[in-house]
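Please examine the sequence and the structure shown below. A short report on the architecture follows them.

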Amino acid sequence: MTDTPHAQLDWDAQGQPLSRQFDDVYFSRDDGLGETRHVFLQGTALAERCSALPAGGRLVIGETGFGTGTNFLCAWQLFEQCAPADAQLHFVSVEKYPLTLADLQRALALWPELQPWAAQLLEQYVALHPGFQRLVLGGGRVILSLLIGDALELLPQLDAQVDVWFLDGFSPVKNPDMWSPPLFQQLARLSAPGARLATFASTGFVRRALVEAGFAMRRVPGHGKKWENLNGHYAGPPAAPGKPWFARPGHSSARREALVIGAGLAGCASAASLAARGWQVTLLERHAEIAQEASGNPQGVLYLKLSAHGTALSQLIVSGFGHTRRLLQQLQQGRDWAACGVLQLAFDTKEDERQARLAAAFPSDLLQRLERSQAEARAGIALPAGGLFYPQAGWVHPPALCQLLADHPQIRLLPHREVLQLQRVDGQWQALDGTQLLASAPVVVLAGAAEVQRFAQAAELPLKRIRGQITRLPQTAASQALACVVCAEGYVAPPRDGEHTLGASFDFHSDDLSPTAAEHAGNLELLREISTDLAERLHADQLQPEQLQGRAAFRCTSPDYLPIVGPLADSAAFADTYAVLGKDARQVPDTPCPWLDGLYVNSGHGSRGLISAPLCGELLAAWLNDEPLPLPRSVAEACHPNRFALRKLIRKH
């Protein structure tokens with residue numbers, strides 16, 4: 001088991017940080033902020049660039065080496081001073097050795113003038129595990145994407161068009177990998193036409209390698225004791241287009257208005273991500289309130305079912321967990337959520353072997369393998385086995401998270417609106433409940449779980465419903481000892497409002513949402529498998545299943561257990577357009593995809609919606625706003641609705 005490789009720091013007599021890994025300083029000892037502003041902000045004409053942004057515009061800055069975040073905070077400060085009030089800043093930074101929270105607090109305390117921005121960064125600086133991590137700051141006006149890991153592994157996975165580059169790895173002599181031709185070729189691939197670039201470096205081999213990658217570079221006067229540094233712009237060709245069925249659709253309407261159908265977690269997250277970008281969102285819900293179906297349970301678990309093999313689903317879960325965990329910082333601990341940790345019991349030999357592989361593959365600040373005695377100490381109850389403990393996870397009250405997401409002045413909730421049909425008229429999607437028009441907009445997001453199949457445009461999406469029932473158990477004086485969520489085949493959570501949540505059943509056949517005594521009895525059996533001690537503390541043998549309280553709802557999942565998120569294509573036209581793939585799957589025809597203009601979906605989250613749905617709201621917004629994707633390109637493609645149509649074509653022959 002290894003920890004996330006954090007930066008190893010020493011501190012000099014002036015309280016400034018030094019990297020032990022690279023034997024180098026993080027910033028100029030004489031004037032760190034002055035150097036940042038001279039080299040990076042002035043060197044890329046950032047103030048002029050921010051001032052020239054149109055209303056609702058967007059600026060994307062890419063950086064190699066996040067370090068102490070000083071460049072980011074200075075850029076954010078300048079953006080607030082110069083950019084239009086409704087513009088958005090995307091800052092994408094790759095960092096192999098992130099600072100610990102304590103070290104970051106200490107480093108940023110050196111700059112009192114940056115404290116208004118540093119405080120927001122520090123508040124969100126949690127659950128930063130390897131891979132793509134998204135931090136939403138400034139009320140959604142500023143998006144920081146931290147790519148935690150090796151730059152040469154992560155930048156090839158990034159899908160973005162970068163306007164400005166800050167090259168700020170440690171000295172080329174001490175950290176040559178960050179100044180290599182392969183890395184500069186990735187910068188070129190990701191650069192928007194004319195993208196500006198600045199770096200404190202001035203050595204000849206750096207300038208020559210950048211020129212070879214397509215950048216026009218020049219030496220300019222340096223800052224302080226440094227004679228010169230480099231800046232320039234990208235003058236090479238644009239990146240080659242990818243597969244057209246995963247391309248970003250254009251939109252016929254410039255109006256930023258959307259309908260979101262379904263006000264569960266996926267719908268509220270989609271609405272929130274669009275509203276944060278200045279969209280006017282109408283949220284249509286067939287019930288009287290939001291979060292009435294699967295998102296309405298009293299407690300949901302941040303359950304990380306991972307794979308040791310770095311699958312698309314594992315990458316989504318690690319990134320999504322971090323994003324949700326940071327969102328929860330805005331909710332009330334104890335009532336709306338609890339970071340009590342989640343323990344997954346190694347309930348049989350196969351599960352124990354799986355957990356051993358995970359412990360070797362993931363850092364110990366994400367998961368820890370506990371012996372039985374250690375697990376019992378964490379859980380506060382007797383257990384049949386040890387297991388994996390996720391210290392930053394816990395339980396959430398899903399309706400509170402939905403309410404947090406939906407509570408935005410740009411979001412209008414329309415309850416008691418059951419959409420039965422969608423039609424496209426004069427560039428607008430019309431939502432109808434039969435004959436009556438409920439609402440219309442140029443963009444629609446289908447977020448009603450398996451109900452999205454009722455619309456002809458999404459009828460072929462392979463979603464299936466799985467009924468799940470939870471049981472609410474009154475706490476006892478003895479059961480309050482339960483200190484974390486414990487999972488085996490089912491789960492049980494510490495009490496909220498005097499009740500434990502126990503569940504959940506899996507039924508692939510029933511369409512009846514009335515809770516049954518048989519499934520309450522099944523849940524009590526799951527409880528006994530988790531802990532006979534806890535079952536005794538809850539007097540489970542004295543409980544009558546027919547008298548227990550609970551609720552049932554439908555999970556919605558896809559055949560590959562990944563969510564379905566992105567733009568929808570016309571299925572019949574898609575099959576015709578790409579029929580050649582049935583003969584040769586290696587073909588990449590240059591024919592544009594037959595998109596259904598402005599129609600998107602966010603569904604299929606199964607039992608892990610708390611982890612995947614909020615980040616998928618960001619993914620959807622990135623598709624719609626042509627922004628950097630919050631996930632590796634391969635993961636976004638693995639979640640794309642077109643994957644099923646592609647597989648169908650390829651397997652037909």
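The sections below treat the model, its sheets, its cores and its salt bridges.

## Basis of the model

This is a predicted model, in which local features need pLDDT of at least 70, side-chain atom pairs count only at pLDDT 80 or more, and totals for chains, interfaces and linings use all residues. Residues are numbered from 1 along each chain as its sequence is written, and side-chain values use heavy atoms, with hydrogens and water left out.

## Annotated domain

An unreviewed UniProt entry carries the annotation "domain: FAD dependent oxidoreductase" for residues 258–623. UniProt positions are given in the numbering used here, feature names are shortened, and annotations may be inferred rather than shown by experiment. The end C-alpha atoms of this span lie 14 Å apart, and the span is 27% helix and 26% strand. Helices (H or I, at least four residues) and strands (E, at least two) are DSSP runs, numbered from the N terminus.

## Sheets

Eight strands form an open sheet in the order S17-S18-S16-S26-S27-S28-S25-S29, with mixed pairing; two strands pair if DSSP finds at least two bridges between them. Strand S17 (368–370) and strand S29 (549–557) stand at the edges with a single partner strand each, so one side of each is left without a neighbour in the sheet. S17 pairs with strand S18 (residues 387–390) in the antiparallel sense over three bridges, and Gln368 stands opposite Phe389 in S18. Helix H14 (residues 517–530) packs on the sheet, and the strands it touches include strand S16 (342–345) and strand S25 (464–474). Contact means heavy atoms within 4.5 Å. The direction of H14 makes about 70 degrees with that of S25; axes are lines fitted to C-alpha atoms, for helices over the stretch in contact, and angles run from 0 to 180 degrees between N-to-C directions.

An open sheet of three strands has the order S1-S2-S3 and antiparallel pairing. Its edge strands, strand S1 (9–11) and strand S3 (24–25), each pair on one side only. Two bridges join strand S2 (residues 17–19) to S3, and Ser19 stands opposite Asp24 in S3.

## Buried interior

The largest nonpolar core has 81 residues, and Leu46, Phe72, Leu121, Phe184 and Phe215 have the most contacts inside it. Helix H3 (residues 70–82) gives the largest share of this core, seven residues. A second, separate core of 78 residues includes Ala269, Ala393, Ile411 and Leu631. A nonpolar core is a set of buried Ala, Val, Leu, Ile, Met, Phe, Trp, Tyr and Cys residues joined through side-chain atoms within 4.5 Å.

Seven of the nine residues of helix H13 (residues 398–406) are buried, so H13 is largely enclosed by the rest of the structure. Buried means under 20% relative accessible area, exposed over 50%, and partly exposed in between (1.4 Å probe, protein chains only).

## Salt bridges

The structure holds 35 salt bridges, each a side-chain nitrogen of Lys or Arg within 4 Å of a carboxyl oxygen of Asp or Glu. Arg248 and Asp159 meet in one of them (2.6 Å, N to O). Arg248 lies in the loop between strand S11 (228–234) and strand S12 (257–261), and Asp159 in the loop between helix H6 (151–154) and strand S8 (162–167), so the pair ties together parts that are 89 residues apart in sequence. Arg248 is partly exposed at 21% relative accessibility, whereas Asp159 is buried at 14%.

Arg286, Glu293, Glu418, Glu451, Arg454, Arg465 and Asp511 are linked in a network of salt bridges. Within helix H18 (residues 633–638), Arg633 and Glu637 lie four residues apart, about one turn of the helix, and their side chains meet in a salt bridge (3.0 Å, N to O).
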